[in-house]
Amino acid sequence: ATLADCGLELSPGQTAELLHSEVPLPEPFKVPLPIPPVKKPVRTEADGDYYRVVQKRASLEILPGLRTEVLGYDGLFPGPTFDVRSGRTTVIEQVNQLDVPTVVHLHGGHTPAASDGWPLDLLLPNGGHHEHMDHMDTGGGDQKTGSRTYTYPNTQRAAALWYHDHRMDYTAPQVYRGLVGLHLIRDDEEDALPLPRGDREIPLVIADRAFAADGSFRYPAAKNGPGVESAYMEGVIGDVVLVNGAPWPVLEVAAAKYRFRILNASNARRYELALDPGQPLIQIGSDGGLLGAPVEHDSLVVAPAERFDVVVDFSKYQPGTEVTLLNKLSKDRTGQVMRFRVTAKAADDTSIPSKLSSYAAVPEPAGVVRRKWAFRRGDAGGHTGWTINGKAFDPEVMQAEVKLDQYEIWSFVTDVHHPVHVHLAPFQVLRRGGKKPGPYDAGWKDTVDIRPAEVVEVLVRFTAHKGKYLIHCHNLEHEDMAMMAAFRTS
Ligand code: C2O
Ligand code: CU
C-alpha cells in the first residue's frame, strides 16, 4: 500500500503522521526555557564517578495549568544531564521504579556491549504484574530486576551524547513518555577554546509531542504486542514543540555569543532551524564532537537523534530584539521552536576560532570491506513494517561480522527518509548521492539523515569492544517496527 492508501497525512519533509492535541495549544514564548539539572555523583573513586538514577513516573506541569504524567529518569523530562570528562569512567546504577521493563542506551557512546543497552537486556521493575509483560519477547537477553549498573568508559573525545530508552519494540512509546537525557563529555582540547561557557552554554533538547484531553502525552495505544500500532508505522509527530520539556519557551539572552547544544530528541520529526530576524547559525560541532573549522548555515536541518553544536552571536541584535528560532519545514504552529529575548549589551571575550580542533577527515582507504545496508518498507516473515536488507530485526541474527580496528565503507540505501544510526563507533560521510557530503554531514557523525533514493556512503571503524551492536533507523516508530539489525564485532 502507498502512503496515500493508508490515509496518512504527510507534511513536507516528514514521513510521519501528525497527532493533534486534544487541549488548546498554549500561547508561545511565555514559559521560560528550563535547563535540565546536572547530575551529581553519589561518590567519586579513583576508577570513576558513581551515579544513581531512579526511573519513575512523575506528574509535571508541561502545558500551563495541566498535569502530564511522564516516565522520567529521576522523574524529570528531559532527565538530568551528565557532564563528564573524556577518559574518566562513569558508572550509573539505574533503578527501575516504573511498571514497564526498560533498557538504557548511551547514544554516541564508545561503550562495552554489556552496557550498550542491547534491546533484550531488560531492567525489570521490582515485583507485581507489569503492563505488556505477557507478550514480551524475553529471548536471550541478560535481564536484571530492580536495578542495573551501566559502565561508560567515556574513552572518546568531547561530544554531546544522549541517553534514552532502547527496549525492544517499545523504544518509541517509552522515549515519547520521557526517557531521554543528555550526556556531555568534555576534554582538554575543547576546554582550551575561547567558546561561550557557563550560563552561555545552553542545551536545547527539542522534541514534539501531542497532548490528550487529560493532559497526558497523546500516543497511539499499542494493540497486542508491539509498542506501536501499525497504522503509525510512518512515525508519530505531535503539534506541540517542546524545548527542554517546555512548550515554545523563551530565553532571555545578553547581547553576546551563546553556544547551543542542540539535540533532536523527537521520535520522527525533522526540523529546519533558522533565526528570525535572520543571521547564520555557526556550527562548531556535530554528533561526535568539534569540527575542524566552523561551518555557517542559513538554516540547519536536524533529523531525529542528530546533535548540532552551534554558536549564535546575539550582539548582532539591538537590545530589546525578539529573535525566534523557526522550523522552516512546518507551516503550522510547529513552524516555531522557541524565542530569544535580547536583554542588554554585555561584555563578551569569547570567540569562534577558525581552527576548532584536530579533527580531520580520514583519507578514503582502498581495498576495504564494503557493506550495503538497505532501509526499506517491507514484509518479512509475517512482519509488516520496515526492514534492513530485507529482514525485520531479529536479535538472533547477526547481519554482519565486523573486525575491530579496520576501516569499512558502509552504504546506506533507502526508499523514504530515514535517520540511520550506528552504535559503538562514529563515522565520516564520504559521499551523498555519489557527490560530496551534504551541508549537515560534517565531522564525526553517529546518525545520518538518508533522503529518499539517495545513497550515503560512510567510513567507519570499530575499536576496542567485542560483542553485539546495532544499526537502526532512529525514526523510533520505524525502529520499533523492526528497522534494526545486529552486527557482531570481534
Ligand atoms: Cu539513539 Cu540505538 O539509539
Ligand atoms: Cu526510518
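Trainee: What share of the residues in the chain is buried?
Mentor: Burial is a count of neighbours: a residue is buried if 20 or more other C-beta atoms lie within 10 Å of its own, exposed if 12 or fewer, and partly exposed in between, with C-beta atoms placed from the backbone. Here, buried residues make up 50% of the 490 residues. Keep in mind that this is a predicted model, where local features need pLDDT of at least 70, side-chain atom pairs count only at pLDDT 80 or more, and totals for chains, interfaces and linings use all residues. Residues are numbered from 1 along each chain as its sequence is written, while chains are lettered from A and ligands numbered from 1 in the order in which they are written.

Trainee: How many helices and strands does the chain have?
Mentor: Both are DSSP runs numbered from the N terminus: helices are H or I with at least four residues, strands are E with at least two. The chain has three helices and 35 strands. Its radius of gyration is 21 Å, close to the 23 Å that the globule rule gives for 490 residues, so the chain is as compact as a globular protein of that length. That radius is taken over C-alpha atoms, and the rule is 2.2 Å times the number of residues to the power 0.38. Along the principal axes, the C-alpha atoms fill a box of roughly 60 × 55 × 55 Å.

Trainee: Which domains does the assignment give?
Mentor: Domain bounds come from an automatic or database domain assignment. For this chain it gives domain 1 (28–187), domain 2 (198–345) and domain 3 (369–489). The centres of domain 1 and domain 3, taken over C-alpha atoms, are separated by 23 Å. Their contact takes 15 residues from domain 1 and 14 residues from domain 3; two residues are in contact if their C-beta atoms, placed from the backbone, lie within 7 Å.

Trainee: And which contacts does Ile 62 make?
Mentor: Leaving out residues up to four places away in sequence, Ile 62 touches Thr 68, Leu 242, Gly 245 and Pro 247. Ile 62 sits in the loop between strand 3 (48–60) and strand 4 (68–73). It counts as buried because 23 C-beta neighbours lie inside 10 Å.

Trainee: In what order do the five strands of the open sheet lie?
Mentor: The order is 28-35-34-30-32, with mixed pairing. Strand 28 (398–402) and strand 32 (447–450) stand at the edges with a single partner strand each, so one side of each is left without a neighbour in the sheet. Strand 30 (residues 418–422) pairs with strand 32 in the antiparallel sense over four bridges, and His 421 has Thr 447 as its bridge partner in strand 32.

Trainee: Is Asn 244 buried or exposed?
Mentor: Asn 244 is buried, with 24 other C-beta atoms within 10 Å. Its phi is near 50°, a positive value in a residue other than glycine. Asn 389 also has phi near 50°, but Asn 389 is partly exposed, with 16 other C-beta atoms within 10 Å.

Conventions: Two strands pair if DSSP finds at least two bridges between them.
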